[in-house]
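This report describes selected local features of a protein chain. The sequence and the structure are shown first, and the discussion follows.

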Amino acid sequence: MIQELKNQKFDQTYRPKAPVETDYVFYFQGNGRRSDCILLAQSDHQITIPTIGEMKPDRDELQYLFAIDEVHFYLHTGSKFPADTKQYSFHPIRTLRLGNPRAICFAGMTAYHLFTWYRDNQFCGRCGHVTEHSQSERMLACPSCGNMIYPKICPAVIIGLRKGNQILMSRYANREYKGNALLAGFCEIGETPEETVVREVMEEVGLKVKNITYYGSQPWGFDSNLLLGYFADVDGDDIIQLDEQELACAAFVDRENIAPESNLISLTATMIEEFRLGNW
């Protein structure tokens with residue numbers, strides 16, 4: 001998955017430091033997730049992010065984000081973008097799903113998560129005053145009412161619903177992504193992830209489940225999510241009642257008819273591949 005960096009260490013600790021020319025800087029633009037873009041260079045599925053030395057940004061317009069090994073990453077917070085970006089241009093944020101090199105794409109996804117949080121919390125949601133950046137932790141504070149705002153993380157479940165040697169594959173309705181997917185949904189207030197699995201399966205395909213088993217998790221900064229993966233079995237009737245507002249189609253697919261997946265960047269792709277291999 002995209003967050004698995006092998007021998008590299010991701011350090012999200014908030015330890016601001018003066019940037020050096022070899023550190024990376026992220027430039028984002030847009031007013032919503034469907035239109036948001038990131039400045040990068042793309043060649044043969046290889047992603048390149050600009051460095052501080054290349055962009056030469058005003059140091060007062062840099063927000064420290066995190067580090068991978070000894071390299072630090074920053075967010076450009078100014079309103080002006082470099083006029084001459086040379087080989088760099090703005091691409092849709094989902095370009096990072098190409099996943100190569102994985103560390104840079106994971107950094108970009110996580111930086112985007114923080115970008116949307118900073119962008120959406122410039123004003124206090126309690127009193128409307130302009131917020132200020134904490135100097136000691138990753139937090140926005142309201143100097144007027146004392147409200148403290150931390151990055152938003154939304155838990156959601158991914159569900160590998162099995163029926164013997166088959167797994168339920170679906171495709172989303174009215175979304176840009178048209179590939180195979182598993183059932184998924186956000187956890188509601190007062191609900192455990194396991195209860196979310198039960199509710200989402202019933203809402204989206206009208207089926208009951210049993211044997212709910214946790215598989216693994218993944219941070220998914222494209223949508224500010226923490227994804228929790230579960231496998232479960234159909235309990236009783238297997239006649240699908242499709243929620244056409246959420247899904248374009250859904251059907252049980254035999255294990256041997258699932259195509260191998262080489263780009264295991266997402267929890268969904270990883271779970272499908274694990275089922276195909278007979279591990280779940």
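In what order do the strands of the open sheet of 3 strands lie, and is their pairing parallel or antiparallel? The order is 9-10-11, and the pairing is antiparallel. Strand 9 (132–133) and strand 11 (148–149) form the edges, each pairing on one side only. The model is a predicted one.

Strand 10 (residues 140–141) is joined to strand 11 by 2 bridges in the antiparallel sense. Within this pairing, leucine 140 has isoleucine 149 of strand 11 as its bridge partner. In general, the strands of a sheet pair through backbone hydrogen bonds, in either a parallel or an antiparallel sense.

Strand 13 (166–172) is largely enclosed by the rest of the structure, because 6 of its 7 residues are buried. Strand 12 (154–163) pairs with strand 13 in the antiparallel sense over 2 bridges. Arginine 162 stands opposite isoleucine 167 of strand 13. The hairpin of strand 12 and strand 13 has 2 residues between the strands, and glycine 164 takes a positive phi near 60° there.

Strand 13 also runs antiparallel to strand 17 (residues 247–254), to which it is joined by 7 bridges. Leucine 168 stands opposite phenylalanine 252 in strand 17.

## Helix 4

How many of the 10 residues of helix 4 (residues 267–276) are buried? The number is 8, and the helix is thus described as mostly covered. The buried residues are Leu267, Thr268, Ala269, Thr270, Met271, Ile272, Glu273 and Phe275. Their cover includes strand 12, strand 13, strand 15 (209–220) and strand 16 (225–234). Just after helix 4, glycine 278 adopts a positive phi of about 85°.

## The largest pocket

The largest pocket has a volume of about 1,300 Å³. Its lining comprises 45 residues, and those nearest the centre of the pocket are Arg94, Arg97, Tyr172, Arg175 and Tyr177.

Several elements each supply at least two residues of this lining: strand 12, strand 13, strand 14 (183–186), helix 3, strand 15, strand 16 and helix 4. Helix 4 provides the largest share, with 5 residues.

Is arginine 199 buried or exposed? Arginine 199 has a relative accessible area of 19% and is therefore classed as buried, the cut-off being under 20%. This residue belongs to helix 3 (residues 193–205).

A polar atom of the arginine 199 side chain lies 2.9 Å from the backbone oxygen of phenylalanine 186. When neighbours within four places in sequence are left aside, arginine 199 is in contact with Phe186, Glu188 and Glu191.

## Isoleucine 47 in strand 5

Isoleucine 47 lies in strand 5 (residues 46–48) and is buried, with a relative accessibility of 3%. Beyond its neighbours within four places in sequence, isoleucine 47 is in contact with Leu40, Ala41, Gln42, Thr95, Leu96, Leu98, Asn100, Pro101, Ile104 and Cys105. The C-alpha atom of isoleucine 47 is separated by 12 Å from that of glutamine 87, a residue 40 positions apart from it along the chain.

## Cysteines

How many disulfides does the structure hold? The number is 0. Cysteine 124 is in no disulfide, and its nearest cysteine sulfur, that of cysteine 145, is 3.7 Å away. Cysteine 124 is buried, at 5% relative accessibility.

Cysteine 187 is likewise in no disulfide; the nearest cysteine sulfur belongs to cysteine 154, 10 Å away. Cysteine 187 is also buried, with a relative accessible area of 17%.

## Positive phi outside glycine

Lysine 6 is not a glycine, yet it has a positive phi of about 55°. Lysine 6 is located in the segment before strand 1 (10–11) and is exposed, at 82% relative accessibility.

Serine 224, a residue other than glycine, has a positive phi near 60°. Serine 224 is found in the loop between strand 15 and strand 16. At 2% relative accessibility, serine 224 is buried.

Definitions and conventions: Residues are numbered from 1 along each chain as its sequence is written. This is a predicted model: local features need pLDDT of at least 70, side-chain atom pairs count only at pLDDT 80 or more; totals for chains, interfaces and linings use all residues. Side-chain values use heavy atoms; hydrogens and water are left out. Helices (H or I, at least four residues) and strands (E, at least two) are DSSP runs, numbered from the N terminus. Buried means under 20% relative accessible area, exposed over 50%, partly exposed in between (1.4 Å probe, protein chains only). A polar contact is a pair of N or O atoms within 3.5 Å; within protein, one must be able to donate a hydrogen and the other to accept it, and residues adjacent in sequence count only if both atoms are side-chain atoms. Contact means heavy atoms within 4.5 Å. Two strands pair if DSSP finds at least two bridges between them. A disulfide is a pair of cysteine sulfur atoms within 2.5 Å. On a 1 Å grid over the protein atoms alone, a cavity is a set of points where a 1.4 Å probe fits but cannot get out, and a pocket is an open set with protein on both sides within 12 Å along at least five of seven lines; lining residues have an atom within 4 Å of a point. Grid points are joined across faces, edges and corners, and a volume is the space filled by probe spheres set on the points.
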